[in-house]
Amino acid sequence: MSGRDLNADNIVEFIADIFERRGAESYLGEPVTMSEHMLQGAWLAEQDGAPDALVAAALLHDIGHYTSEFGTYSPDDVEDKHHDEAGGEVLAPFFPPVIVECVRLHVAAKRYLCATDPTYFSKLSPASVHTLSLQGGPMSADEVADFRKNPFHEEAVRVRIWDEGGKIANMKTRAFRDYVPLLQRVVRDFANRA
């Protein structure tokens with residue numbers, strides 16, 4: 001299925017297919033696969049009582065690793081692959097802005113937290129420390145001020161915290177298919193408002 005063929009009726013199945021075909025790929029040298037990482041983010045969001053939109057954002061936050069024209073991440077990378085932007089771009093036609101912005105901003109939220117929370121950097125995995133260096137490091141004061149202007153910056157920070165927490169080997173979560181009804185509901189509601 002090409003991007004031209006995607007619509008509100010098939011986007012969730014398209015994403016499910018990506019998870020099923022590519023979810024077992026290694027996740028940045030972490031002790032979890034790509035799908036385990038994203039499912040753990042969604043599970044952590046659910047445990048925090050997050051609304052459906054933030055559960056969906058946590059589940060889909062790294063979808064850009066599959067869709068970025070720059071390819072998937074390798075621990076040997078010396079430049080950023082912009083998976084945050086790629087993920088936001090693929091979701092934008094079908095998902096509400098809060099989800100799109102959380103996906104697009106989850107890297108910026110890491111940079112923001114490293115600049116504003118003195119304890120956050122110590123919580124980063126070695127892979128996250130490496131990617132932080134590729135992504136611009138902690139934000140400057142001006143970047144922090146700009147980040148705070150985004151109406152969804154607080155939600156993006158929440159997604160980022162679940163993102164960093166979703167790296168636990170053998171953690172029990174739901175399967176992707178368990179989230180299909182939630183994703184379909186979010187897409188349908190967004191399409192009905194458009």
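The structure holds 13 salt bridges, a salt bridge being a side-chain nitrogen of Lys or Arg within 4 Å of a carboxyl oxygen of Asp or Glu. This is a predicted model, in which local features need pLDDT of at least 70 and side-chain atom pairs count only at pLDDT 80 or more, while totals for chains, interfaces and linings use all residues. Residues are numbered from 1 along each chain as its sequence is written, and side-chain values use heavy atoms, with hydrogens and water left out.

One of the salt bridges joins arginine 177 to glutamate 13, with the closest N and O atoms 2.7 Å apart. Arginine 177 lies in helix α10 (residues 176–193) and glutamate 13 in helix α1 (residues 11–22), so the pair ties together parts that are 164 residues apart in sequence; helices here are DSSP runs (H or I, at least four residues), numbered from the N terminus. Arginine 177 is partly exposed, with a relative accessible area of 37%, where buried means under 20%, exposed over 50% and partly exposed in between (1.4 Å probe, protein chains only).

A network of salt bridges links Glu30, Arg160, Asp163, Glu164 and Lys167.

Turning to helix packing, α3 (residues 52–60) and α9 pack at an angle of about 50 degrees with their axes 9 Å apart, the axes being lines fitted to C-alpha atoms over the stretch in contact and the angles running from 0 to 180 degrees between N-to-C directions. Leu54, Ala57 and Ala58 of α3 make the contact with Glu155, Arg158, Val159 and Trp162 of α9, contact meaning heavy atoms within 4.5 Å.

Helix α2 (residues 34–47) and helix α9 (residues 153–165) have axes that come within 8 Å and cross at roughly 125 degrees. Here His37, Gln40, Gly41, Leu44 and Ala45 in α2 meet Trp162, Asp163 and Gly165 in α9.

Within helix α9 is also the place of valine 157, which counts as buried at 13% relative accessibility. Leaving aside residues up to four places away in sequence, valine 157 touches Ala109, Tyr112, Leu113 and Phe147. Valine 157 and alanine 109 are 48 residues apart in sequence, yet 5.3 Å apart in space, C-alpha to C-alpha.

Conventions. Helix = DSSP H or I, 4+ residues; strand = E, 2+ residues; numbered from the N terminus.
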